[in-house]
Amino acid sequence: MPSLEDVVKEAAKAIVRMASVSPAEDVINALRNAVKIEVHEPSKVQLNAILTNIELAQKYTAAVCQDTGVPTFFIKLGDEFPIRSKLFSILTEAVREVTKELPLRSNSVDPLTEKNPGDNSGIGIPVFDVELFNGNYLELIYTPKGGGTELPSKAFVVPPGNAWERLPELVLNAVIDAGPMPCPPVIVGIGIGPNLDVAAKLAKKAAVLRPVGSRNNNPDIAKIEDALLNAINKLGIGAHGTGGKVTALDVHIEYAYRHPATFAIGIVFSCWATRRARAIVYPDGKYEIKPL
């Protein structure tokens, strides 16, 4: 009988493979809908090529994009789950093994020497984001995010007096500056919080974790999400910058309470290949793959 450590690694490898081979199902459905509403022929051609690429990746169990991203785990760790301090090393080994087996491109490079270890590991990689909760199971969400979507990301700390009025301009300028770099149609994640690092993290979660079509529970924020999505899609950037009606599949905003003197804003892009997969591991040695 496999140990619980072996089960955690097996579950992690399963979601690394799954997320590397295909975008999430809600993203695929949004792309199919984009084809239906797009009227600009060059953009329509790009969207159909994207969908064909996804079908081929699924058929041949190959990475859906040559940029297999920075390996990132969003972890919810129950207080009573038996494995704690060893968890990061187990997940790192899972990434190393799938990098060789699938294979994945290695995207970890020493910033000084430019040396690439070849297995998607290194100082600070994989990336781990951990939340604790009162329970006995482990939840793992794996999402690989490519470099093209990171390059145009933005972060600001602005005076709070007119921050909400400035927000649309900051977002639209960020999308214009990004152009085709993040491989549109994109998901735009916006984070608002007490300082720069919190805002950036919230923006990333908004971009990669929330399903397309979901809305913030705060109805006022949800209205802003809708308004920004409409405004972005009037810019005419289109799929891969070829022009058209569909530049963004969605806009998501997450927020935290802020400092009275500051208003921190993060803007993070996620590409058409927004990839994520989730596993739940139980202390009895069972696990299941669950949709988000």
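How much space lies in the largest cavity?

Modeller: About 40 Å³. A word on the basis before the details. This is a predicted model, where local features need pLDDT of at least 70 and side-chain atom pairs count only at pLDDT 80 or more, while totals for chains, interfaces and linings use all residues. Residues are numbered from 1 along each chain as its sequence is written, and side-chain values use heavy atoms, with hydrogens and water left out.

The structure holds 1 cavity of 30 Å³ or more. On a 1 Å grid over the protein atoms alone, a cavity is a set of points where a 1.4 Å probe fits but cannot get out; a pocket is an open set with protein on both sides within 12 Å along at least five of seven lines. Lining residues have an atom within 4 Å of a point. Points are joined across faces, edges and corners, and a volume is the space filled by probe spheres set on them.

The lining of the largest cavity includes T143, P144, K145, G146 and T149. V208, S270, C271, A273, T274 and R275 also line this cavity. By class, the lining has 4 nonpolar, 5 polar and 2 charged residues. Here Ala, Val, Leu, Ile, Met, Phe, Trp, Tyr, Cys and Pro count as nonpolar, Asp, Glu, Lys and Arg as charged, and the others, Gly among them, as polar. Domain 1 (4–22 + 64–146 + 274–290) and domain 2 (148–270) each give at least three residues to the lining of the cavity. The domain bounds come from an automatic or database domain assignment.

Now the open spaces. The largest pocket holds about 400 Å³. Its lining has 17 residues, and K76, E131, I141, K205 and L209 lie nearest its centre. Strand 1, strand 2 (127–133), strand 3, helix 7 (196–208) and strand 6 (248–255) each give two or more residues to this lining. Helices (H or I, at least four residues) and strands (E, at least two) are DSSP runs, numbered from the N terminus. The lining divides into 9 nonpolar, no polar and 8 charged residues. Domains 1 and 2 each supply at least three residues of the lining of the largest pocket.

The second largest pocket holds about 260 Å³. Of its 16 lining residues, M18, A24, E25, R276 and P291 are the closest to its centre. Helix 2 (25–37) gives the largest share of that lining, 3 residues. By class, the second largest pocket is lined by 9 nonpolar, 2 polar and 5 charged residues.
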